[in-house]
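I shall take the model from its overall build down to individual residues.

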Amino acid sequence: MSFSVAHFSDLHLGPLPQGAALHDFRTKRLLGALSWHYRRKKLHDPKVADALRVDILNSKPDHIAFTGDGVNIASPKEFPLLLKWIEHFGAADFLSYIPGNHDTYVKTAYEKSLGLIEPYMRGDMRGEQQFPYVRLRRNVALIGLNSAIPRGFHSAEGRLGNAQREALRARLVELKNKGFYRLVMIHHPPAIGIATRYRSLIDAPELMAVLAEAGAELVIHGHNHRREMNWLETGASRIPLIGVPSASMASPHHPAEWNLYSITRNGGRWQTQVSMRSWLGTAQGFQTVGTFMLDEVA
Ligand SMILES: [Fe+2]
Ligand SMILES: [Fe+2]
């Protein structure tokens, strides 16, 4: 019997609400709003995102992972709309959210921003800090990291920090000993060279060391708005690092996509099937564009 997880990312929910850029005036937010109106608006289509949501629900996954950038300029006017959009999926224990850099685009009061989404970021295991949170679903542990930090102009960098990385290390070891499949969720690509300099995870080398030492069965991410697959060599095994395009991208260049992971324990080994569902335009909607077993490409 398999456990299935639908993964999507980088919703960048539009359109920008009226006056979103003017709240608590910040220059970076204003520039972000201009970028939305002149560039992103043409790329991100809310209708595509709604179709993606319907497609995911039709596939009846056991769980949903949403790896951040739900909003655009971290305006308090955007987060209630994001919450409403997410609530269509169902109860908070059915969808796991982690923050992306656009969710902390500028410093915004927590209770007016990510605080609204907090029920979707609550773990089952008691920890000293909110992240990493762990949700245990059957024999799968979903581990949510927070790499989103407010940064200056032109920076989309992320960082986990030492406390989060060390907590992650302890959790990974503990969950392996308990026999769980460890599915790690992070917004930024978790390795060096996957994202360009001003978009990268600052402490990627340290994270890679933790993953290599403690192990994980799968790491999923967003941020780059394109389909990506990399491997972290650990000596004993290889950890797949898989990124999805933006959930709302209408253009045929890196169109919206989501992945369905079906995880099975078979003869003492984990098997993971990956199915990619891609937006092929209004007439065809989302279609499966590829299916493969992770252990066969490992
Ligand atoms: Fe994004
Ligand atoms: Fe991002």
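**Overall build**

The secondary structure of this chain consists of 6 helices and 12 strands. Please bear in mind throughout that the model is a predicted one.

Let me begin with overall dimensions. The C-alpha trace extends over about 55 × 45 × 35 Å along its principal axes. The radius of gyration is 18 Å, which agrees with the value near 19 Å that a compact globule of 298 residues would have. Of those 298 residues, 43% are buried. As for how the chain meets itself, consider the contacts between residues at least 6 apart in sequence: 69% of these join residues at least 24 apart.

**Two helices in contact**

I turn now to a pair of helices, H4, which covers residues 162-177, and H5, which covers residues 204-214. How do H4 and H5 lie relative to each other, roughly parallel or roughly antiparallel? Their axes come within 9 Å and cross at roughly 15°. Angles under 35 degrees count as roughly parallel, and H4 and H5 are therefore roughly parallel to each other. The crossing of H4 past H5 is right-handed.

Which residues make this contact? From H4 they are Arg 165, Leu 168, Arg 169, Leu 172 and Val 173. From H5 they are Glu 206, Leu 207, Val 210 and Ala 214.

**The loop between S1 and H1**

The next region calls for a word of background. Most residues other than glycine have a negative phi, and most peptide bonds are trans. The loop that joins strand S1 (3-8) to helix H1 (27-43) contains Pro 15, and the peptide bond between Gly 14 and Pro 15 is cis, with omega about -10°.

Asp 10 lies in this loop between S1 and H1. Its phi is positive, near 50°, although Asp 10 is a residue other than glycine. Is Asp 10 buried or exposed? The cut-off for a buried residue is 20 or more other C-beta atoms within 10 Å; Asp 10 has 26 and is therefore buried.

His 12 is placed in the loop between S1 and H1 as well. His 12 also shows a positive phi, about 45°, without being a glycine. With 25 C-beta neighbours inside 10 Å, His 12 counts as buried.

A cis peptide bond is also found from Phe 131 to Pro 132, where omega is near -5°. Pro 132 belongs to the loop between strand S3 (95-97) and strand S4 (133-137).

**Individual positions in the later part of the chain**

Arg 227 sits in the loop between strand S7 (218-221) and strand S8. Arg 227 has 17 C-beta neighbours inside 10 Å and so counts as partly exposed. Apart from its neighbours within four places in sequence, Arg 227 is in contact with Gly 243, Val 244, Pro 245 and Glu 257. How far is Arg 227 from Ser 75? The two are 152 residues apart in sequence, and their C-alpha atoms are 28 Å apart in space.

Glu 233 is in strand S8, which covers residues 228-233. Because Glu 233 has 10 C-beta neighbours inside 10 Å, it counts as exposed.

Thr 264 is in strand S10, residues 257-266. Thr 264 is partly exposed, with 16 other C-beta atoms within 10 Å. Leaving aside neighbours within four places in sequence, Thr 264 is in contact with Ser 2 and Gln 271.

Gln 273, finally, is in strand S11, residues 269-279. With 17 other C-beta atoms within 10 Å, Gln 273 is partly exposed. Beyond its neighbours within four places in sequence, the contacts of Gln 273 are with Ser 262, Thr 291 and Met 293. The C-alpha atoms of Gln 273 and Ile 263, 10 residues apart along the chain, are 6.6 Å from each other.

Definitions and conventions: Residues numbered from 1 in each chain as written. Chains lettered and ligands numbered in written order. Predicted model: local features only at pLDDT ≥ 70, side-chain atom pairs only at ≥ 80, totals over all residues. Axes fitted to C-alpha atoms, helices over the stretch in contact; angles between N-to-C directions. Helix = DSSP H or I, 4+ residues; strand = E, 2+ residues; numbered from the N terminus. Parallel < 35°, antiparallel > 145°, perpendicular 65-115°, else oblique. Left-handed = near helix turned anticlockwise from the far one by under 90°. Contact = placed C-beta atoms within 7 Å. Rg over C-alpha atoms; globule rule 2.2 N^0.38 Å. Buried ≥ 20, exposed ≤ 12 C-beta atoms within 10 Å, placed from the backbone.
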